[in-house]
Amino acid sequence: MSRLGRAATGLAAVTVLSLTASGCVTVHGELEVVPSATNAEAEQALQDFTDAYNAADKAYDPALDAGRVTGALGAINQAGLKARSITTPGGNPRHRPLELSDTTYHIPKKAGWPRFFVADADSNRDTDSGDQDSRWLIVFVKNSNKQLWEAAYLAILSPGEVPKFRTDQEGWAEPVAPDSDVTAVAPRDLSEEYASYLRTGRPRHFADGAHTSGWRQVREQNGRRAGLSTQYVDQALDTGDFAPLGLATQDGGALVFFALRYFDRQTAAQGYRPKVSQDVKALLTGEVKSTLTKEWVSSQAVTVAPKGAAGPPVRIISRLQGVTAARGS
């Protein structure tokens, strides 16, 4: 199962803002468009997240960073820590503090809630050259001035995969509305359409790749394994802190982060039982006799082309996933 601490080596293989800076200021009955955060506040939010993550990873205690993660990243992180707290109750013997540096903050100017921004940082989990070089893009979100900034999405990309974001004259990023009609696909539709694509192969606007056509092929192969069949159920996950968040890019499109929930149900032939890893066993309810059902949360980062552009409208450039629950029967 995936965990944030293993992200750079195969995770997918898988503050309070001042009123003037980010509050919903009412002017003549309308919400004023203001930056979601100052650069100093964004920097503090990233530091607070890093400190909490390191404490939780060292102790394998999900309570230590529960207030700093949410949404898809939070679901994956908290389930992983919960499992590790059971399988390795003494804490993480291989803990290595996460360090993030060389950070750029992409802070959109917008009205209303949620407020969000993207931190683009170099981590100490990679090699700073060649094919192993990567950037961590962490999406921070909050829904009121009374809330802390929480990390909702993480994408790990090569430097060349990080798009150039559109900014105004003051350098603030431009958010993409959930119902945008400028992009080829509205961000609010991505989760439902990705779930449909994984089930049926339609709509076909997802570019071929490991997380689309390749993932469907793997599923088909899993469904035909001798002695063990696997069925998949995909569900949209797009409300609350799992809602999609996106920034406009210079090419007229967008970089969008969205979530998906899916289940895989393994059914063994008579006389056999599905194998259960220790991490999954730690999250298990019921007894595995002939079936094992795992619930996953998957976090995607995609580039969405502008409406009318040639080529596939949506390209998945990052996918992180983790088991969040399991049931035996």
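The chain as a whole averages a pLDDT of 90, and 90% of the residues score at least 70.

Residues are numbered from 1 along each chain as its sequence is written, and side-chain values use heavy atoms, with hydrogens and water left out. Because the model is predicted, local features need pLDDT of at least 70 and side-chain atom pairs count only at pLDDT 80 or more, while totals for chains, interfaces and linings use all residues.

**The sheet and its helix**

- Four strands form an open sheet in the order β4-β6-β7-β8, with antiparallel pairing; strands are DSSP runs (E, at least two residues), as helices are (H or I, at least four), numbered from the N terminus, and two strands pair if DSSP finds at least two bridges between them.
- The edge strands, each pairing on one side only, are β4 (100-106) and β8 (150-157).
- Strand β6 (residues 115-123) pairs with strand β7 (residues 135-142) in the antiparallel sense over seven bridges, and alanine 119 stands opposite isoleucine 138 in β7.
- Helix α2 (residues 39-59) packs on the sheet and touches β4, β6, β7 and β8.

**Aromatic pairs**

- The whole structure holds 13 aromatic pairs, meaning rings of Phe, Tyr and Trp (its six-membered ring) with centres within 6.5 Å, where planes under 30 degrees apart count as stacked, over 60 as edge-to-face and the rest as tilted.
- The rings of phenylalanine 117 and phenylalanine 140 are stacked, because their centres are 5.1 Å apart and their planes stand at 15°; phenylalanine 117 is in strand β6 and phenylalanine 140 in strand β7, 23 residues apart.
- Phenylalanine 117 and phenylalanine 140 are both buried, where buried means under 20% relative accessible area, exposed over 50% and partly exposed in between (1.4 Å probe, protein chains only).
- Tyrosine 153 and phenylalanine 257 form a tilted pair, 6.0 Å centre to centre with 35° between the planes.
- Phe49, Tyr53, Tyr105, Phe117, Phe140 and Trp149 form one aromatic cluster.

Terms used
Contact = heavy atoms within 4.5 Å. Axes fitted to C-alpha atoms, helices over the stretch in contact; angles between N-to-C directions. pLDDT = per-residue confidence, 0-100.
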